[in-house]
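Dear colleague,

I am passing on the structure below, and my notes on helix packing and strand pairing follow it. Please read them with the coordinates open.

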Amino acid sequence: MITQELAGLRNQIAALFADVLKIEVPSHDTNLLATGLLDSLGFVELLLQLERRFGIHVEMESLEPEDFRSIESIAAFIEAGPGSQLPRSPSET
Amino acid sequence: MIDRTTGPRPESRARLRILLLAEEAAGAQVLRMIAERGHVVVAVMTSGAARPDSPSPVRDLAERLGCPCWPAEWVRERGFSERVRAADVDLLLNVHSLYLVPGAVLNASRLGSYNMHPGPLPEYAGRNPVSWALFRGETTHAVTIHRMVPEVDAGPIAYQASFDIEERDSALTVSVKCVQAGVPLITRLVDTAATNPAAIPAIGQDRSRRSYYGRDVPQGGQLIWPRPARDVVNFTRACDYVPFRSPWGHPVGRVDGRQVAVVKATRTGVRCAAPPGAVSDVVGGAVRVACADEWVLVHRVLTDGQLVYASRTLRPGQQFETENGGRE
């Protein structure tokens with residue numbers, strides 16, 4: 001079950017994709033990378049927008065592709081907040 | 001339609017008929033620019049046109065704009081140049097298309113065919129220019145708009161914009177810089193073609209400076225630890241398109257008989273006297289590995305198909321093999 005905040009966050013990210021990145025994402029769980037909806041240019045623009053709108057700074061050295069797999073995972077990444085990029089324990093990685 | 005004998009009057013803006021071969025967001029940006037300027041898009045040729053079930057930002061935008069969408073493969077078909085001539089194409093533009101355009105097609109448009117190449121022609125012609133530039137430790141790079149001729153990336157240069165490569169740049173970020181610098185140049189080309197096509201620069205390439213790269217991956221894709229740290233890190237940066245697929249894969253080494261591909265690594269500036277390839281201490285999720293002159297910090301590795309923090313799979317005291325491709 002997702003919280004109202006998380007649902008709102010997903011909608012904000014979906015709007016970012018549609019209005020700023022000009023990418024129509026069929027659903028919140030669509031795989032953005034595997035489907036090719038998000039390419040290199042769109043990805044870097046996404047990182048800039050996430051930093052601008054949500055204060056999320058992504059270190060390239062610790063970038064986790066799974067965090068950007070879908071609108072759902074991006075929302076979860078943002079909700080996890082600062083520290084979410086710290087190395088995970090071996091069991092999590 | 002442009003007057004075919006005299007061309008447009010200076011200062012007047014012709015409505016061009018443009019055939020666009022395009023892929024990816026860069027191609028979509030150029031399509032949007034052409035449409036905003038009111039030119040006629042004869043067709044958009046993109047790989048997504050033949051695969052309606054696969055995502056394609058160029059095809060989707062073309063459909064929204066009401067532009068005809070043709071499969072990119074058609075460009076190679078016999079007789080396609082006649083189709084281009086019949087369509088009265090003024091300008092053919094190639095933005096990140098995957099197909100080589102045959103000579104007969106290149107000559108079928110009135111004002112010529114132009115390509116956006118992510119490299120500083122005449123240097124870095126051919127495949128993967130961004131990766132080669134990073135591998136070779138370049139600190140500047142450029143994107144070039146050139147007229148296409150049958151020889152790959154050899155035609156006269158119309159416009160070029162250069163930019164710095166920063167220490168933190170990867171192949172991904174340099175590729176994006178190429179697009180960010182290249183799309184305004186394509187816009188300039190279209191505007192000049194629409195107002196005074198004779199003013200499109202055509203600077204012949206200096207053949208003595210030409211360098212051409214093919215499909216090969218440097219060093220056979222092997223990391224060579226007995227080289228300077230700069231070289232080791234540059235190779236990983238050259239392959240770093242994370243989270244996207246790298247055309248070169250990632251440089252590999254072997255530890256205890258197991259293949260480990262290094263995906264992200266940075267220099268430390270700390271000199272070392274340990275044998276090249278020696279794995280030292282753990283720093284957060286990274287490990288330090290010895291090169292010829294200094295330690296490098298290996299952050300992420302690919303092992304057994306999984307992208308993991310280096311400390312998960314590499315332990316202090318282990319040694320990357322430096323034979324069978326590991327030695328210079």
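Helix 2 of chain A and helix 6 of chain B are roughly perpendicular to each other, a term used here for angles of 65 to 115 degrees, while those under 35 degrees count as roughly parallel, those over 145 as roughly antiparallel and the rest as oblique. Helix 2 (residues 40-54) of chain A and helix 6 (residues 171-195) of chain B pack at about 100 degrees, with their axes 9 Å apart; axes are lines fitted to C-alpha atoms, for helices over the stretch in contact, and angles run from 0 to 180 degrees between N-to-C directions. In this contact (heavy atoms within 4.5 Å), Ser40(A), Leu41(A), Phe43(A) and Val44(A) of helix 2 of chain A meet Leu172(B), Val176(B), Val179(B) and Gln180(B) of helix 6 of chain B.

As to provenance, this is a predicted model, in which local features need pLDDT of at least 70 and side-chain atom pairs count only at pLDDT 80 or more, whereas totals for chains, interfaces and linings use all residues. Residues are numbered from 1 along each chain as its sequence is written, chains are lettered from A and ligands numbered from 1 in the order in which they are written, and side-chain values use heavy atoms, with hydrogens and water left out.

Within chain A, the axes of helix 1 (residues 4-19) of chain A and helix 3 (residues 71-80) of chain A come within 9 Å and cross at roughly 120 degrees, which makes helix 1 of chain A oblique to helix 3 of chain A.

Turning to chain B, strand 13 (residues 286-290) of chain B is largely enclosed by the rest of the structure, because four of its five residues are buried, that is, under 20% relative accessible area with a 1.4 Å probe and protein chains only, against over 50% for exposed and in between for partly exposed. Helices (H or I, at least four residues) and strands (E, at least two) are DSSP runs, numbered from the N terminus, and two strands pair if DSSP finds at least two bridges between them. Strand 12 (residues 279-283) of chain B runs antiparallel to strand 13 of chain B and is joined to it by three bridges, with Val283(B) having Ala286(B) as its bridge partner. In their hairpin, which has two residues between the strands, Gly284(B) takes a positive phi near 60 degrees. Strand 13 of chain B also pairs in the antiparallel sense with strand 14 (residues 294-303) of chain B, over four bridges, and Arg288(B) stands opposite Leu297(B) of strand 14 of chain B.

With best regards
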